[in-house]
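Hi,

Here is the structure I promised to pass on to you. Please have a look at it first, and then read on for what turned up.

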Amino acid sequence: MIVKCIRDPEKWSRWDKGHLYKVLGIFELKEKKQYLIDSGLSYFADADDFEVVDPQESIFWVESSGPRGKGKSFPVAFEPHFYENYRNWAPRESLLIETYLDFMDREYPNPIWPTAIHYQDYWCECPLCEHLWENHSVFGLITCPQRLCYRMLNNPLADHDKILDSPEVSALNEMSEFKNLYYADWLHKYIKNSRSFSSKLKRFLAIR
């Protein structure tokens with residue numbers, strides 16, 4: 001879901017009038033609608049200050065209730081103190097937010113990017129650098145794994161209905177159950193050996 005800020009900027013405002021922002025969730029607090037918006041960090045904002053540009057909601061959103069009231073967002077968004085921890089740079093919460101952002105970035109195809117060439121089975125080729133690789137992702141967008149390329153591409157093997165059952169999402173669901181940092185070594189090993197995780201997420205985790 002994409003929205004555009006329609007209010008005039010105030011001093012110290014986090015939003016710029018006319019700019020587009022990605023929505024990570026919609027909440028109802030005391031009968032007032034709020035958006036959880038990504039602007040480098042994620043913040044809550046009054047829905048009245050924005051107009052909807054793309055109403056398509058993410059497959060990762062669930063309906064639930066939490067400290068911010070009832071709403072629709074990714075599951076961990078309804079945990080007590082999740083955002084307090086996130087804004088204090090807690091590793092678990094920061095990693096979960098970054099991972100969901102990465103997933104939402106790749107969830108749907110985008111016409112501004114070229115489409116990878118599909119040959120047979122899982123084999124795809126980058127139309128820009130001609131690198132050939134085995135692609136097991138079902139997300140709408142994939143990244144060419146060639147180190148000198150890393151271009152975003154539409155995925156010819158995309159299947160939106162299978163995203164929630166993909167290895168990437170299964171690993172995230174397991175990881176989100178841990179409330180401490182002991183999952184970190186296991187997660188790094190999983191992602192390093194996974195063909196599905198995006199190069200963007202691997203770079204965020206500094207995995208080589």
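Let me begin with Y35: leaving aside neighbours within four places in sequence, this residue is in contact with M1, V3, V23, G25, I26, Y43, F44, A45, A47, F50 and V52. Please keep in mind that the model is predicted. Y35 sits in strand 3. Its relative accessible area is 5%, under the 20% cut-off, so Y35 counts as buried. Between Y35 and K72, which are 37 residues apart along the chain, the C-alpha atoms are separated by 9.8 Å.

For orientation, the chain has 208 residues, of which 42% count as buried. There are 5 helices and 12 strands in the chain. If you take the contacts with a separation of 6 or more, 48% of them are between residues 24 or more positions apart.

Now to the cores. Y35 turns up again here: together with F50, F74 and Y83, Y35 touches the most other members of the largest nonpolar core, which has 39 residues. At least two residues of this core come from each of strand 1 (2-5), strand 2 (20-29), strand 3 (32-38), strand 4 (42-46), helix 1 (82-87), helix 2 (91-106) and helix 3 (167-176). Helix 2 gives the most, with 7 residues. As for F74, the residues it touches are L24, F60, W61, V62, F82, Y83, I97 and Y100, if those up to four places away in sequence are not counted. Another core lies apart from the largest one; it has 8 residues, including C124, C126, W133 and L153.

A search of the whole structure gives 13 aromatic pairs. One of the pairs is W15 with Y21: the ring centres are 5.5 Å apart and the planes are at 80°, over the 60 degrees required, so this pair is edge-to-face. Both partners are on the buried side of the cut-off, W15 with a relative accessible area of 5% and Y21 with 8%.

How are the rings of F27 and F44 placed to each other? Their centres are 5.4 Å apart and their planes stand at 75°, so this pair is edge-to-face as well. F27 counts as buried at 1% relative accessibility, and F44 is buried with a relative accessible area of 13%.

Best wishes

Terms used. Residues numbered from 1 in each chain as written. Predicted model: local features only at pLDDT ≥ 70, side-chain atom pairs only at ≥ 80, totals over all residues. Heavy atoms only, no water. Core = buried A, V, L, I, M, F, W, Y, C linked by side-chain atoms within 4.5 Å. Buried < 20%, exposed > 50% of the residue type's maximum accessible area, 1.4 Å probe, protein only. Helix = DSSP H or I, 4+ residues; strand = E, 2+ residues; numbered from the N terminus. Contact = heavy atoms within 4.5 Å. Phe/Tyr/Trp six-rings, centres within 6.5 Å; stacked < 30°, edge-to-face > 60°.
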